[in-house]
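Colleague: Before I use this model for any calculation, I would like to go through its strands, rings and charged pairs with you. Could you take my questions in turn?

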Amino acid sequence: MKNKLALQAKFWLFACACTVSLSAQAQDFKITGQVLDSQNRPVAGASVAVKGSSAGAIADADGSYSISASAGSTLLFSFVGMERKEELVNGRSRIDVVLSDEEQQINEVVVMGYNSKTKSELSSSVVTLSSEKLTDVTSSNVASMLQGKAAGVMVSSATGAPGATPEILIRGAGSITAQATPLYVVDGIIGGTYNPNDVETLTVLKDAAATSLYGSSAAGGVIIITTKHAKYGQKTVVDFKSTFGRKTADNGHFALMNAESLFAFQKAAMSPALFEVNRPVKLKRQNFDWIDAAFSPGYVQNYYLSVAGGAPNVAYRISGDYYDEDGTLLSTSYKRLNIRSNVSAKLTERLTLKTDITYTHSRNNNYLWYTLEDAYKNMPWDNPYDENGEAVFINSNQRPDGAMWYGNRKMNFLHSNEYNYDSFTGNSIMGDLTLTWNILDWLSFESRNRAATDNGFQKTFIDPRTFDIEWKDRGTNTEYSTINYSVGTTNLLSAKKAFGLHALDGFVGFESGYWSNRYTSATAIDLPLVGLPSLSIGNPHQVGGSLVEGSGISYLGQLQYSYDGRYIASASVRTDAASTFGPDNRWGTFPAGSLAWLASRESFLKGNAVVTFLKVRGSFGVTGNSNIGQYRYLSSYSFTSRYNDVTGALPVNLPNSMLGWESAWMSNAGVDVALLKRITLNVDLYSIDNKDLLLNVPVSASSGYEYKLQNIGSVRNRGVEVQVSSENIKGDFTWTTDFNIAFNRNAVMSIPNAKPFTQSAGGSTMLNQIVEEGEDIFTWYMPKWLGVDPATGSPMWERTKDDSGNPIAPEVTNDYAKATPQKVGKASPLFTGGLMNTFAYKGFALSVTCNFLYKNLIYNYGRESFDIDGASLDINQMELAEGWSRWEKPGDNATHPKPMTNGNSNAHKTSSRYLEDGSYFRIRNVTLSYAFPKKWMEKVKISNLRIYVSADNLYTYTEYSGMDPEVSYQMAAWSLPGMQAFKYPLSKQFLGGIELTF
C-alpha cells in the first residue's frame, strides 16, 4: 500500500511538472525586429503573423514590427511580390528577417495618387514609367516623352511650335462635345506644375478600378506624376544635367514647285495668249525659296541642377531648371525657368510635415498666322528684298520698284516680322503642404493642401509701318492679361491591418476645391508712326473681359482585402458635386470594384521555372466627365455686339437645370505574366460605354436658338492592349526590348431621335464628319472622289441620289453639284504602339525608341490650296508625290485632272480626293551614352558621370504627302479631328549632353 501511494505521488508530481513546463512554454512574450529586402531597405507594410493563430502585425515605415508569441511558435513574414519566410521563435525576443523578391520588376511600388501599391497587388490596369525611360527625349513637357511608351496611350503633336504640348488620348475618344483629356495629378493632388527633370515616375491609370477615385474628371484617364524627394538621413547629393543641340524643320514628303516647275504648270493650265501676256519667260529664272527664308535651324538648351540631402528628421531637395528652345519658324521661341523645393520633416515620432513649392516663369514668342501660311503659299517669282538686301514693304500687286508681285497675299511677311510680334509671358507659383499623422501602427491621417496662382500677359502688336490683312497699315495693339487662382484640400484617413493570412487596406476621404480665372483684353488702333507698343497712343477700339469661377466637393473611399497574398478584392466609391452643373443635377456617384488572383502563389505554380509570376484581374466601374466649361446650364448672353455705339446683349444659350455628368462605364479584364525571369507580359481587354453625353441638340427655330445642351446619346470604345518587356541577353552585354500595341474600336451607340447629324470645320458645308449610330465617332462625310476620266481628264465623283434626293444605283458624275455626300472612311487608327530596344556593354548604352500608328485617314486640307489644278494661279503648288501623275492626253490613267485656269470642273473642292492614309512608323529617339567607371570617378569625388548624344524624330516612314502625319483628335472651331491644314512642322533634333552626380 505504501509503495502504491509513493507511485501515485511520483505520478502527480511528474504531471504537475509537465503542466508547469507546458504552461511556461505557452506563455506569450513580446518579439520585435525589422523586415528588410535584399538590398537592406525597410519593407514598410510587411505582414507578420503567428502560424496557426489569428495574431498579426504590420511593419511600419522603418520595417520595424512588434508582436506577441510563445517561445515555441513560428512567425510568418510576407509581403506581396516577395517570397514568404518562416522563422521559429525558439525563445528569441528579437528576430530580423530579409525577404527576397519573387520578381523584381513586378514588385515595384506604383503610386496611385491616393495611395501606393506594389505591382503584384494591383487589380487594375496601369502603366508606370521611370524617369530614365522618359527623359531620353529632350522636350519641355512630359507628354512628348510619353509617346510610344504605353499601350493604349496615343500622343499626337498637332504643331511643332516651341513649348507646345501634345494631345493625349487614352483608350479612344468617348465624348462628342466634351473634351476627354487626361487628368493630371502631381504628388497626390489633382492638377499642379512640374518640370520633366524633376519627375521620379509617371503612372497612367486606364481602367475604372484605378480612375474612379478621380470620378469627376477621369473619363479620359489619369496621369500620376511623382516628383523626386530626398530621404531622411541621406548624404548630400548634387545632380547636374546639361543638354545642347540643333533642330531643323522636317517637312516630310511635302515639296513645293520651284520657278521652272510652276512656270510649266501654269503654261499647261492657261490659254497661250493669256500666258504669254502674264507670264514672261524671265520668271523661270526668278526662284525665291520662301520656305528657306521662313525656316532656319534653331537651338535647344537645357540646364538642370538639384541638391538633395537630409538629417535624421529632415529631408530636402531643391532644383532649378532652365529650358531654352528656338523655333525653326522665324521669330518663334520658348523659354522657361523652373525652381522647385521639396522639404519634409519629422515633427514627432508619428507626425510628418512636407512642403513642396514650385515657381515657373515662361516666355513664348508665337508666330503670326499669316507667316506660316505665306511661307508655303507665296510664289517663287516674288523677291521680298530690294537691291540692298532689305525686306520691301508690299501692300498691292506691285513692288516699290514697279515690278509685279504675283502672290495671292499682297504683303511681305518678311518685312512685317521685322516690326510685328505676338508674345506671351507667364508666372506661376504653387505651394503644397502635406501633414501626415501616424495615429497607430495601422492607422494614419493625411491632409494634402495646395494653393496656386498664375498670371499671364500676351501682346499682339501690328506696327503701322507694316501691312496687315485686317488692319491694313493702320497699326493695332492688343493686350491680354489673365489671373488664375486655385485652392484645394484632400483629407484621408487610412488603415492597413493584417489578421494572420488576411489583410485589409483602405481609406476614406474628403476633397474640396475652388478656382477662378480672370481675363481682360484691350485693343487700340490707328497707331502713330513711331512704333511705340503702348495702348495709350492709339484710338480705343475694343475691350473685353470675363471672370469664371468654379468649385467642387467630393467624398471618397476605398477598401482592399487580400487573403494570403493570393486573392485580392477592391471596392471604391466617389461622390462629386461640381458647379459646372445646375443645382438639380449637380451630384454624381462613381463606384468601382476589382478582383485579382495571384495564381503563381498557388501550389501548382509555386517554384515553376517557366511561369515565375501570373496574375489574373478584372474590374468594373464608372467615371465622369464635366469638361464643358462653366455656366452652360444657365441662360447666357454675349455682350460683344454694339449698335450705335451702345453695347447690346445677345442670348447664346438655353438654360437646362437638369444638365449633369457624362459618365463612362468601364469594364476591364487583364493578365500579367512573367516568364523565365526574362519576359513580362501584360494583356488587357476593355469596354467603355460613355453615356449621357453632353450634346448640343437642335431645337425649333421658333425658340430663337439653334441648339440646347443636353445629356443624351452614348459612345462605346472596345479594345485590346498588349505590353511586353523582355531581357533578351544578360551578362556584360545586355539587350532589352519594350513593345506595346493597342487596338481600339469606337462606335456611336445612340443619338437624339436616332437622327444622324454632321460636325463641320469652320462652317464648311462639305468638310464634315457624321455622327450616326453604329459608326465611328470620327467618320468622314463628303463627296466620294472616283478619280480622273481617262478620256477627258475631267474629275469624277459618285452620285447615289437623284435631283429629288431619292436613292439611286451608284453612278459616275462629272458635275460636283450632283456628287452625293457620303461616308468615306474614318480618322480613327486601326492600332497604335511603340517599340524600344536598349543595348548596353561596359558603360556604353544605345537605346532606340520608335512609335507607330496604322490605317487612319487624314483630311489634308492644305491640298485645297496647294493641289488645285490651276484654280488659283497666285498660290504656289505642291510637287506631285511619288506614284501620282497628271492627265495630259486621252488614255492617261492619272491621279490628277488636267490643269485649267480657274480649275477643272471644281476638282479642287472638298471631297475624298484629299483623304490620305496617315499610317507611319517613326524613329522617335536614338541615344548613345557612356557612363564612366565608378572606380575612376571615385578618385575625383564624383559618384556618376555620363555623357550622351541623341537624335529626336530621326526618320518617319509614311506615304502621307503632307508635312507630318501626326494630327489633332480634338474638335475645334476651324478644325475636325484628323484634319490637317498649315502645320508648324515638327523638328529633327541632334543633341549632346552630360550628367554629373557629386
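Predicted model: local features only at pLDDT ≥ 70, side-chain atom pairs only at ≥ 80, totals over all residues.

Colleague: In the open sheet of 3 strands, which are the edge strands?

Modeller: The order in this sheet is β4-β1-β7, with mixed pairing. Strand β1, residues 28–37, is joined to β4 by 7 bridges and runs antiparallel to it, and in that pairing D28 has S70 as its bridge partner. An edge strand here pairs on one side only, which applies to β4 (64–70) and β7 (97–99).

Colleague: Which element gives the largest share of the nonpolar patch?

Modeller: The patch covers about 440 Å² of surface and is made by F240, F244, Y299, Y303 and L305. Two elements give two or more residues to it, namely β17 (237–249) and β18 (298–311); F240 is found in β17. The largest share, 3 residues, comes from β18.

Colleague: How are the rings of F263 and F275 arranged, stacked or edge-to-face?

Modeller: This is one of 40 aromatic pairs found in a search of the whole structure. The two ring centres lie 4.9 Å apart, and because planes over 60 degrees apart count as edge-to-face, the angle of 65° places the pair of F263 and F275 in that class. F263 belongs to helix α5 and F275 to helix α6, 12 residues apart, and the relative accessible area is 8% for F263 and 7% for F275. The arrangement is therefore edge-to-face.

Colleague: Turning to charges, how many residues apart in sequence are the parts tied together by E373 and R409?

Modeller: Side chains of opposite charge can pair when their charged atoms come close. E373 and R409 meet in a salt bridge at 3.1 Å, N to O, and since buried means under 20% relative accessible area, E373 at 17% counts as buried, as does R409 at 12%. E373 lies in helix α8 (residues 369–377) and R409 in the loop between α8 and α9, so the parts they tie together are separated in sequence by 36 residues.

Colleague: Are D684 and R617, which meet in a salt bridge, buried or exposed?

Modeller: Their side chains meet at 2.7 Å, N to O. The pair links distant parts of the chain, with D684 in strand β33 and R617 in strand β29, 67 residues apart. As for accessibility, both D684 and R617 are buried.

Colleague: And what does K855 count as, at 43% relative accessibility?

Modeller: K855 meets D917 in a salt bridge at 3.5 Å, N to O. D917 lies in strand β48 and K855 in the loop between β46 and β47, so the pair ties together parts 62 residues apart in sequence. The value for D917 is 28%, which counts as partly exposed. At 43%, K855 also counts as partly exposed.

Technical notes. Residues numbered from 1 in each chain as written. Heavy atoms only, no water. Pairing = 2+ DSSP bridges. Helix = DSSP H or I, 4+ residues; strand = E, 2+ residues; numbered from the N terminus. Patch = residues over 30% accessible without salt bridge, like charges linked within 9 Å, V, L, I, M, F, W, Y side chains within 5 Å. Areas by Shrake-Rupley, 256 points an atom, 1.4 Å probe, with all protein chains shown as cover. Salt bridge = Lys/Arg side-chain N within 4 Å of Asp/Glu carboxyl O. Phe/Tyr/Trp six-rings, centres within 6.5 Å; stacked < 30°, edge-to-face > 60°. Buried < 20%, exposed > 50% of the residue type's maximum accessible area, 1.4 Å probe, protein only.
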